[in-house]
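Hello,

Here is the structure I promised to pass on to you. Please open it first, and then read on for what turned up in it.

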Amino acid sequence: MSSEVIVIARPPRPTPAEVAAATDRQLPDLIAPDLDVLFCGINPGLYSAATGWHFARPGNRFWPALHHGGFTPHLVDPADQAELLGHRLGITNLAARASARADELSRDELVAGGRLLVGKVRRYRPRWVAVLGVTAYRTAFERRTARIGRQPETLGGARLWVLPNPSGLNAHFTAAGLAAEFAALRAATLEESVRPGRSRDAAS
């Protein structure tokens, strides 16, 4: 009896020229109604915009943190991002246009993106929204003293959590520290889901 080894081919990495050409390109949301958590990045990086996958650049720690934080049973490859919908998870961004660095965005872009996010949350009704980046959250929603973790306010009717930016450029958090923050959110979502008689917060 012979055994076959199945090799799954992955799309090739984008070339430097293809990455550079992705400036200002938009990346579609990964979203569906009634998700458990809608993760909200700041904006797509050029590598992600070139591939069409969220958090796709090698070295971005979103996918490992998602797995080690308990949201996915295995490490999901960015190319397989659609798997997240099966786990009732989705991804969007505050600003739609791609850039090399998040700090290239203006304050006005982040504030406008915050308003759009509220409308999106009201339309799709996720239970939780997790914004990935406390500085961007403070700017977009004028919450100057916000800290990482659960927020006292809701967003469009969803419970709200702020996570660290998973970019490899964020030196304030190690991979283990980032995973621990994701795990704290995961624990909160599980605790909330088993409370008897739970009801959705009023829209903010």
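Predicted model: local features only at pLDDT ≥ 70, side-chain atom pairs only at ≥ 80, totals over all residues.

Lys 120 is partly exposed, with a relative accessible area of 21%. The partner of Lys 120 is Asp 29: the two form a salt bridge whose closest N and O atoms are 2.7 Å apart. Asp 29 is partly exposed as well, at 33% relative accessibility. Asp 29 sits in the loop between α1 (16-20) and β1, while Lys 120 belongs to helix α5, so their pairing ties together parts that are 91 residues apart in sequence.

How many salt bridges does the structure hold? There are 10. Another one joins Arg 101 and Asp 103, with 3.3 Å between the closest N and O atoms. Here Arg 101 is partly exposed at 43% relative accessibility, whereas Asp 103 counts as exposed at 57%.

Now for a pair in a buried setting. Glu 192 and Arg 159 meet through their side chains in a salt bridge of 3.4 Å, N to O. The pair links distant parts of the chain, with Glu 192 in helix α7 and Arg 159 in strand β5, 33 residues apart. Glu 192 is buried, with a relative accessible area of 3%, and Arg 159 is buried too, with 8%. Through shared partners, salt bridges join Asp 36, Arg 88, Arg 127, Arg 159 and Glu 192 into one network.

Helix α7 comes up again among the aromatic rings. The count of aromatic pairs is eight. One of them is Phe 39 with Phe 182, a stacked pair at 5.9 Å centre to centre, with 15 degrees between the planes. Phe 39 lies in strand β1 (residues 37-41) and Phe 182 in helix α7 (residues 175-193), 143 residues apart. Phe 39 is buried, at 0% relative accessible area, and Phe 182 is buried at 0% as well. Both belong to one aromatic cluster, together with Phe 55, Phe 62, Trp 63 and Phe 71.

Last, have a look at helix α6 (residues 134-141). Which of its residues are buried? They are Val 134, Ala 136, Tyr 137, Ala 140 and Phe 141. Seen down the axis of α6, these buried residues fall within an arc of 155 degrees, so they line one face of the helix. Their cover includes α5 (107-124), β3 (128-132) and β5 (159-163). After α6 comes Glu 142, with a positive phi near 55 degrees.

How values were computed:
Residues numbered from 1 in each chain as written. Heavy atoms only, no water. Phe/Tyr/Trp six-rings, centres within 6.5 Å; stacked < 30°, edge-to-face > 60°. Helix = DSSP H or I, 4+ residues; strand = E, 2+ residues; numbered from the N terminus. Buried < 20%, exposed > 50% of the residue type's maximum accessible area, 1.4 Å probe, protein only. Arc of directions from axis to C-beta. Contact = heavy atoms within 4.5 Å. Salt bridge = Lys/Arg side-chain N within 4 Å of Asp/Glu carboxyl O.
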